[in-house]
Amino acid sequence: MRKIKLITISLIFSVMLGIAPVTIAANSDIIATPTTHLLSFDGSLVDVVAAFTINNENYFKLRDIALLVNSFDVTYDSEKSAISIISDVPYTPNGTESTAKPSGYTTIAPSTDKVYIGETALDLTAYKIDGANYFRLKDLGAALGFSVGFDADTKTVLITTVSTAPPPAPVPVAAPTITPEPTPNTSESDVYITDTGSKYHRSSCRYLDESKYEVSLSWAISNGYEPCKVCKP
Ligand SMILES: [Zn+2]
């Protein structure tokens with residue numbers, strides 16, 4: 001509505017002044033309203049977070065979201081003149097997090113600040129409102145790995161960091177295995193060892209091609225030989 005009114009006024013002035021209608025600066029097209037939506041983080045309502053609604057989408061300050069999500073840090077990289085996001089670390093507040101919800105604003109313009117995660121530049125839609133960057137929440141969610149939803153009934157923006165995917169199938173708990181007593185080869189059957197191996201074998205085992213010495217099973221065991229996995233004596 002306001003945009004139409006501005007254009008109308010502009011046209012009237014143009015006609016009055018007898019000049020071609022001036023192009024309205026892009027910035028005057030941007031209308032932000034302090035959001036009236038509630039915000040829920042992982043199921044709990046969050047009290048003070050500054051947010052504006054622009055074109056029916058919610059924009060938040062990066063540091064407010066960082067404080068909330070607490071799984072990434074934010075620094076200003078003066079070399080790159082850019083905001084840097086460090087993943088997988090707790091957030092370090094710097095005192096510029098919101099302490100009150102804005103009731104309005106004086107200036108707004110598309111933000112030209114760059115944002116990086118590591119060396120990767122992020123493509124985030126952002127506006128600079130009264131000197132502070134407000135990012136489209138959906139963009140932040142996509143870049144930082146949280147999901148953004150909206151409960152239309154309660155007019156609540158939902159930020160979820162826990163996976164909403166069905167939990168993986170439970171890993172079957174191994175039934176306590178009753179380890180069978182090693183079948184005591186009670187018959188003092190003889191087994192065979194080799195020159196170099198550490199296993200004992202049945203007479204027919206292919207590992208006995210090179211050398212083959214008959215020993216008693218008890219001798220083999222007491223001398224540290226183990227059963228061959230091939231012939232399973
Ligand atoms: Zn063997």
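Q: Helices are DSSP runs of H or I of at least four residues, strands are runs of E of at least two, and both are numbered from the N terminus. On that basis, where is the place of Lys-155?

A: In this predicted model, Lys-155 is placed in the loop between E13 and E14. These two strands form a hairpin with 4 residues between them, and Lys-155 is in the turn.

Q: What is the phi of Lys-155?

A: Lys-155 is not a glycine, yet its phi is positive, at about 55°.

Q: Which strands form the open sheet, and in what order?

A: The open sheet has 4 strands, in the order E3-E2-E14-E13, and its pairing is mixed. Strand E3 (44-46) and strand E13 (147-151) are the edge strands, each pairing on one side only. On average, neighbouring strands of this sheet are turned by 30° against each other, direction ignored.

Q: How many bridges join E13 to E14?

A: There are 5 bridges between E13 and E14, and the two strands run antiparallel. Within this pair, Phe-150 stands opposite Val-157 in E14. E14 also pairs with E2, in the parallel sense, over 4 bridges; there, Val-157 is the bridge partner of Leu-39. Strand E2 (residues 38-41) is joined in turn to E3 by 3 bridges, and that pair runs antiparallel. Ser-44 in E3 is the bridge partner of Phe-41.

Q: Which side chains of strand E14 (residues 156-160) point to one face and are buried?

A: In a regular strand the side chains alternate between the two faces of the sheet. In E14, Val-157 and Ile-159 point to one face and are buried.

Q: Which residues in the largest nonpolar core touch the most other members?

A: In soluble globular proteins, nonpolar side chains tend to be buried together. The largest nonpolar core here has 24 residues, and those touching the most other members are Tyr-59, Phe-60, Leu-62, Tyr-134, Phe-135 and Leu-140. Another core, of 7 residues, lies apart from it, with Tyr-192, Tyr-200, Tyr-225 and Cys-228 among its members.

Q: With which residues is Leu-62 in contact, leaving aside its neighbours within four places in sequence?

A: The contacts of Leu-62 beyond those neighbours are Val-74, Ile-83, Asn-133, Phe-135 and Leu-140. Leu-62 is also one of the buried residues of H2, together with Arg-63, Asp-64, Ile-65 and Ala-66.

Q: What covers the buried residues of H2?

A: The cover includes strand E5 (57-61), E6, strand E7 (82-87), strand E12 (132-136) and helix H3 (137-144).

Q: Which residue follows H2?

A: H2 is followed by Asn-70, which lies in the loop between helix H2 (62-69) and strand E6 (72-77). Asn-70 is not a glycine, but its phi is positive, at about 55°. Asn-70 counts as partly exposed because it has 13 C-beta neighbours inside 10 Å.

Q: How many helices and strands does the secondary structure of the protein chain come to?

A: The protein chain has 4 helices and 18 strands. Of its 233 residues, 16% count as buried. Of the contacts between residues at least 6 apart in sequence, 49% join residues at least 24 apart.

Note on methods. Residues numbered from 1 in each chain as written. Predicted model: local features only at pLDDT ≥ 70, side-chain atom pairs only at ≥ 80, totals over all residues. Pairing = 2+ DSSP bridges. Axes fitted to C-alpha atoms, helices over the stretch in contact; angles between N-to-C directions. Buried ≥ 20, exposed ≤ 12 C-beta atoms within 10 Å, placed from the backbone. Contact = placed C-beta atoms within 7 Å. Core = buried A, V, L, I, M, F, W, Y, C linked by C-beta atoms within 7 Å.
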